[in-house]
Amino acid sequence: MVNEVPSSSSSHVSGDNNGNKILILPKGDEFDQHKLVVETIASIMRSNLVEAKSSWKKLSIDQRDSWFDIFKSKFTWPPQYNDTVRRNFEKRGKRDISIIE
């Protein structure tokens, strides 16, 4: 099931100033712009790894929140997808953490 948003809603995503953020939508457990999003998550993790941990669960919530804050600074999505985007981000992080170390 693909979540679709009418094109007219892309200009008003959350009421925040979205600047140069890229609009993304969740697509199942991933995102509609899969390659770009996956590469960005991996880059955020590599560039901002403060804790050397062997698994996602062993990372502090602060570390994961920090990475998600960086992610939010690069992408935007309709507010109704906030929980789904965070869940998908977490799932991707769990997959990528073993590659980074």
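## The nonpolar core

A nonpolar core is a set of buried Ala, Val, Leu, Ile, Met, Phe, Trp, Tyr and Cys residues joined through side-chain atoms within 4.5 Å. The model shown here is predicted. Its largest nonpolar core has 18 residues. Trp67, Phe71 and Trp77 have the most contacts inside this core.

Which elements give two or more residues to the core? They are helix 1, helix 2 (61-74) and helix 3 (82-100). Helix 1 supplies the largest share, 4 residues. In soluble globular proteins, nonpolar side chains tend to be buried together.

## The overall fold

The protein contains 3 helices and 4 strands. Follow the sequence and the pattern reads β-β-β-α-α-β-α.

## Surface and burial

The protein has 101 residues, and 35% of them count as buried. It exposes about 6200 Å².

## A closer look at Thr40

Thr40 sits in helix 1, which spans residues 34-47. Is Thr40 buried or exposed? Its relative accessibility is 13%. Buried means under 20%, so Thr40 counts as buried.

What does Thr40 touch, leaving out residues up to four places away in sequence? Its contacts are Lys74 and Phe75. Lys74 falls within the range of helix 2 (61-74).

Note on methods: Residues are numbered from 1 along each chain as its sequence is written. This is a predicted model: local features need pLDDT of at least 70, side-chain atom pairs count only at pLDDT 80 or more; totals for chains, interfaces and linings use all residues. Side-chain values use heavy atoms; hydrogens and water are left out. Buried means under 20% relative accessible area, exposed over 50%, partly exposed in between (1.4 Å probe, protein chains only). Contact means heavy atoms within 4.5 Å. Accessible areas come from the Shrake-Rupley method with a 1.4 Å probe; for residues, only the protein chains shown count as cover.
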